[in-house]
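Subject: Structure handover

Hi,

Here is the structure we talked about. Please open it first, then read my notes below.

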Amino acid sequence: MIDIHADFSQYKSEEAARLKQMLVELGPNLVWRPIYINGEEVCCGIGFDEDGPHDTLEFIDFQNKRVVDFGCNVGHFTFWAARKGAQSCLGLDSDEGVIEAARLIASTLDIKSVEFDVVNFLEEPLPRQFDVGLLIDFIGKATITKGRLQSVLRALNSAVRDEAVVTVRPRYRLENDLGLSENDAQRLGLSPFVHDGWFHLLECLEAWLPEWHFELATKSDCLNRKFKYSLYLKRI
């Protein structure tokens, strides 16, 4: 069962009561980042702390920017951008449950600058562009092995005009981490980025997004650690 460690009775709205019920229904595996209401953490997430790109987000001046959060889950980083002064924030996820929870959080907090939609952005192009894109906690093993990486990057490139924050593991062992053979890598178009048994994801991203400048914002002298690193992207 999910760990809800706040007294929801202090929040009198029907939305807050529904939110508590919704979090229980979602369970611990679907809430990826902590949920805060009025500065109090009401529910912890299962995401690893070192994956958090909060320092990287300081690279961006969100003031009066239009922000899109791809794979927003319950909106942790969508709300972050709103608190930093974004003009508008759109959180997108294909899971109806987490989107309902995000909407309930926004309603409970009475935050007008955020919006959440159920969208499969890998297949549906967005109808408008945004100044800033967030692609956090999204690109992982499944994205790579199921051949979805190019679709993810295409969505980012087409919808975002200026800046983005992306979290990734810079490289994976092809067989041990991804369960892929060299033939699989060739089939997925990844062969140019496989060296000495490693798939170099960062090298792949730079090749497939040539219109963007990449900065590795996570400071580490080792790219083999199994947490995700933060990338700051600026359109050239």
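Start with Asp177. Asp177 is buried, at 10% relative accessible area. Buried means under 20% relative accessible area, exposed means over 50%, and partly exposed lies in between (1.4 Å probe, protein chains only).

A word on the source. This is a predicted model, where local features need pLDDT of at least 70, side-chain atom pairs count only at pLDDT 80 or more, and totals for chains, interfaces and linings use all residues. Residues are numbered from 1 along each chain as its sequence is written, and side-chain values use heavy atoms, with hydrogens and water left out.

**Salt bridges**

Side chains of opposite charge can pair when their charged atoms come close. A salt bridge here is a side-chain nitrogen of Lys or Arg within 4 Å of a carboxyl oxygen of Asp or Glu. The count by this rule is 10.

Which residues pair with Asp177? Arg173 does, at 3.1 Å from N to O. Arg169 does too, with the closest N and O atoms 3.3 Å apart. Arg169 is buried, as is Asp177. Arg173 is partly exposed, at 29% relative accessibility. Elsewhere, shared partners link Arg66, Asp131 and Arg161 into one salt-bridge network.

Now look at Asp110. Its salt bridge is with Lys112, and the closest N and O atoms are 2.9 Å apart. Lys112 is exposed, with a relative accessible area of 72%.

**Nonpolar cores**

In soluble globular proteins, nonpolar side chains tend to be buried together. A nonpolar core is a set of buried Ala, Val, Leu, Ile, Met, Phe, Trp, Tyr and Cys residues joined through side-chain atoms within 4.5 Å.

The largest core has 39 residues. Phe70, Ile139, Phe199, Leu201 and Leu233 touch the most other members. Helix 6 gives the largest share of this core, 6 residues. Helices (H or I, at least four residues) and strands (E, at least two) are DSSP runs, numbered from the N terminus.

What does Phe70 touch? Its contacts (heavy atoms within 4.5 Å) include Leu92, Phe121, Leu134 and Leu156, leaving out residues up to four places away in sequence. Another core lies apart, with 35 residues, among them Leu19, Phe62, Phe77 and Ala106.

**Helix 3**

Just after helix 3, Gly85 takes a positive phi of about 100°.

Best wishes
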